[in-house]
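Here's a quick briefing to read with the model open beside you. Follow the side chains as you go.

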Amino acid sequence: MTRANAFLFILLVCGAGILATASPALAAKSQPCWKQVINDWSQDGSIDGAYSAKCIEEALDRVPEDIRAYSDFEEQAKAARLAAGRALQSSGGGSDNSDSATEDEAAPIKPREPETGPKDETLIQSALGTNGNNADSVPLPLLILLGLAGALIAAGGVGFGARKLRAHRADR
């Protein structure tokens with residue numbers, strides 16, 4: 001392997017590493033409503049916000065299979081959809097006891113806005129642009145393994161280069 005090829009290989013590996021870590025940071029700030037439902041659930045295992053039935057249905061259709069198989073997301077989403085239907089029904093005035101409804105029950109359902117308050121972010125979370133606890137975040141063990149793999153590749157390249165340099169000096 002010539003020096004130019006080795007340099008291009010190292011440049012390619014570094015570029016791939018930069019692209020792999022920069023892609024979550026480049027994710028759009030405005031997420032579709034179905035993704036907001038999944039992120040809300042991934043925060044604490046429950047859907048706390050008020051979402052439309054359409055958003056919840058779309059989240060149920062698009063949820064990854066491992067979440068569907070190994071968690072209670074489906075039950076949580078169906079319960080949230082029922083709660084949204086009850087809140088809509090109580091504010092719609094279809095029942096006879098609408099006079100006894102409080103203002104909180106009669107309030108229209110609003111989609112949950114992304115949180116924009118001050119955050120306790122670590123250096124890695126601020127570099128990735130996510131708070132580390134949603135569906136788009138990169139797992140920290142994966143980043144550690146990526147760094148370890150890069151260090152091992154670099155160490156192997158240094159060792160290979162040192163052997164070539166010794167062999168070249170011995171030929172003189």
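**Salt bridges and the rest**

At 24% relative accessibility, Glu 58 counts as partly exposed (between 20% and 50% relative accessible area; under 20% is buried and over 50% exposed, with a 1.4 Å probe and protein chains only). Bear in mind that this is a predicted model, where local features need pLDDT of at least 70, side-chain atom pairs count only at pLDDT 80 or more, and totals for chains, interfaces and linings use all residues. Residues are numbered from 1 along each chain as its sequence is written, and side-chain values use heavy atoms, leaving out hydrogens and water.

**Salt bridges**

- The count comes to 5 salt bridges, taking one as a side-chain nitrogen of Lys or Arg within 4 Å of a carboxyl oxygen of Asp or Glu.
- Glu 58 pairs with Arg 62, and their closest N and O atoms are 3.6 Å apart.
- Both Glu 58 and Arg 62 belong to helix H3, 4 residues apart, or about one turn of the helix; helices here are DSSP runs (H or I, at least four residues), numbered from the N terminus.
- An α-helix has 3.6 residues a turn, so residues three or four places apart point the same way.
- Arg 62 is partly exposed as well, at a relative accessible area of 46%.
- Arg 81 forms a salt bridge with Glu 57, with 1.7 Å between the closest N and O atoms.
- That pair links distant parts of the chain: Arg 81 sits in helix H5 and Glu 57 in helix H3 (residues 53-62), 24 residues apart.
- Arg 81 is partly exposed at 26% relative accessibility, and Glu 57 is partly exposed with 32% relative accessible area.
- Glu 74 and Arg 68 make another salt bridge, their closest N and O atoms being 3.7 Å apart.
- Glu 74 counts as partly exposed at 24% relative accessibility, and Arg 68 is partly exposed at 24%.
- Salt bridges also link Glu 65, Arg 68, Glu 74 and Lys 78 into a network.

**The aromatic pair**

- Searching the whole structure turns up 1 aromatic pair (ring centres of Phe, Tyr or Trp, using the six-membered ring for Trp, within 6.5 Å; planes under 30 degrees apart are stacked, over 60 edge-to-face, the rest tilted).
- Trp 41 is buried at 12% relative accessibility, and Phe 73 is buried at 1%.

**Helix H2**

- The 12 residues of H2 should span 16 Å at 1.5 Å a residue, and its end C-alpha atoms are 18 Å apart, which agrees; the expected span is 1.5 Å times one less than the number of residues.
- Buried residues in H2 include Trp 34, Val 37, Ile 38 and Trp 41.

**A nonpolar surface patch**

- Phe 9, Ile 10, Val 13 and Ile 153 make up a nonpolar patch on the surface, with about 360 Å² of accessible area together.
- Helix H1 (residues 3-22) gives the most to the patch, with 3 residues.
- Ile 153 lies in helix H8 (residues 140-171) and is partly exposed, with a relative accessible area of 47%.

Definitions and conventions
Patches are made of residues with over 30% relative accessible area and no salt bridge: like charges are joined within 9 Å, nonpolar side chains (Val, Leu, Ile, Met, Phe, Trp, Tyr) within 5 Å. Accessible areas come from the Shrake-Rupley method with a 1.4 Å probe; for residues, only the protein chains shown count as cover. Helices (H or I, at least four residues) and strands (E, at least two) are DSSP runs, numbered from the N terminus.
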